[in-house]
Amino acid sequence: MKLPLPSVRKLFREHFSGDSPIEVDPGQRAALIKKWRAKLEKIEGVRLTNHPADRDSRSPTWVRFTIPDPNASKTYYRSDELRLERSEQGELICAFGKFDREIVGVISDFDELESLVAEVLRRYIKRHAGEAKRAKVRTMKSKAIVARVKALAKEEQFDFATSMDTQKLRLFVKLSSQHMIEIHIPFTRFEKVLPQLQETIRTLRSLYEDGLRFKMIGFMQADWRTEWIRYEE
C-alpha cells in the first residue's frame, strides 16, 4: 500500500471498528490461512504475497497482501505489505508497518477489509488526477520559461538546454566549449524569477568573460578548518 503513514492510520481508524473481534484458533492455522487467502483473492485490487518465514507456525503473520497502485510501478516492497495476524489476545488483526511505526486494526468482519481496499483505490485515483493536473501546469510554465529563454538567447547570443522535474526547470546556459552554468527555476516562483532571468544570465556571462569562476556548494561541503569573517566584526 503506497500511502503515507498518517493516511493509513486514519483509514484503519475509520474501517476497523473492533466491536466484535474475530477469535483465531492457532490449531486451525493451515485451514484459516487457506480460507483468508480465498476471501482476499475475491477482493478487487488485492495482490497476495508470500514470505518464507510465515511458514513457521510460531510466526504471528498468517497472510500477507498489498493494494497496488494500478497507475504506478508493479514493483512492491515489504514495507508496502499489509498482514493478517493473530494478536497476543488471539484476535484477528490487520497490521501495516513495523516496530514503532506499526499500525494495527482489529478486524470484526472481512467486509471491513473490502471497504478499506476500495477506499485505498479511490485515493490512488484521486492522487493521480491531482498529479495529472499539476503536471499540466508544470508543462505550461516550462513552455513559458523556454519561450522566454529562447528570446533571450537570440538577443544575448548564447546556446542553452533545459530539463525539468516535478519541482523545477533546470536551465543550462553555455559559457564556452568547456563550461556552462546551471540555473534552477522553481515552478512555485515562476512569476517572480522570470523577469530577473535576463539580468542574471547577462551578469553571470559577463563575470565569466572577465575570468571569474564560481559555483554554489552546500555549507557542510566547506573545509571544517575554514575561518569565517563575520560582517559585524
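**Entry 1: fold.** I looked up the secondary structure and found five helices and eight strands in the protein, taking both as DSSP runs numbered from the N terminus (helices H or I, at least four residues; strands E, at least two). Read along the sequence, the pattern is α-α-β-β-β-β-β-α-β-β-β-α-α. The radius of gyration is 28 Å, well over the 17 Å that the globule rule gives for 233 residues, so the protein is more spread out than a compact globule. That radius is taken over C-alpha atoms, and the rule is 2.2 Å times the number of residues to the power 0.38. The C-alpha trace spans about 85 × 45 × 35 Å along its principal axes.

**Entry 2: ground rules.** This is a predicted model, in which local features need pLDDT of at least 70 and side-chain atom pairs count only at pLDDT 80 or more, while totals for chains, interfaces and linings use all residues. Residues are numbered from 1 along each chain as its sequence is written, and side-chain values use heavy atoms, with hydrogens and water left out.

**Entry 3: burial.** I noted that 36% of the 233 residues are buried, that is, under 20% relative accessible area with a 1.4 Å probe, protein chains only.

**Entry 4: pockets.** I searched a 1 Å grid over the protein atoms alone, where a pocket is an open set of points with protein on both sides within 12 Å along at least five of seven lines, a cavity is a set where a 1.4 Å probe fits but cannot get out, and lining residues have an atom within 4 Å of a point. Grid points are joined across faces, edges and corners, and a volume is the space filled by probe spheres set on the points.

The largest pocket has a volume of about 360 Å³. Of its 13 lining residues, Ile 181, Glu 182, Ile 183, Lys 215 and Met 216 are the closest to its centre. Strand 8 (180–186) and helix 5 (197–209) each supply at least two lining residues; strand 8 gives the most, with five. I sorted the lining into eight nonpolar, two polar and three charged residues, counting Ala, Val, Leu, Ile, Met, Phe, Trp, Tyr, Cys and Pro as nonpolar, Asp, Glu, Lys and Arg as charged, and the others, Gly among them, as polar.

The second largest pocket holds about 240 Å³. Its lining has 16 residues, and Arg 78, Ser 79, Asp 80, Gly 97 and Lys 98 are the closest to its centre.

**Entry 5: cavity.** I found one cavity of 30 Å³ or more in the whole structure. The largest cavity has a volume of about 70 Å³, and its lining residues include Met 1, Asp 80 and Tyr 124.

Note on methods. Buried means under 20% relative accessible area, exposed over 50%, partly exposed in between (1.4 Å probe, protein chains only).
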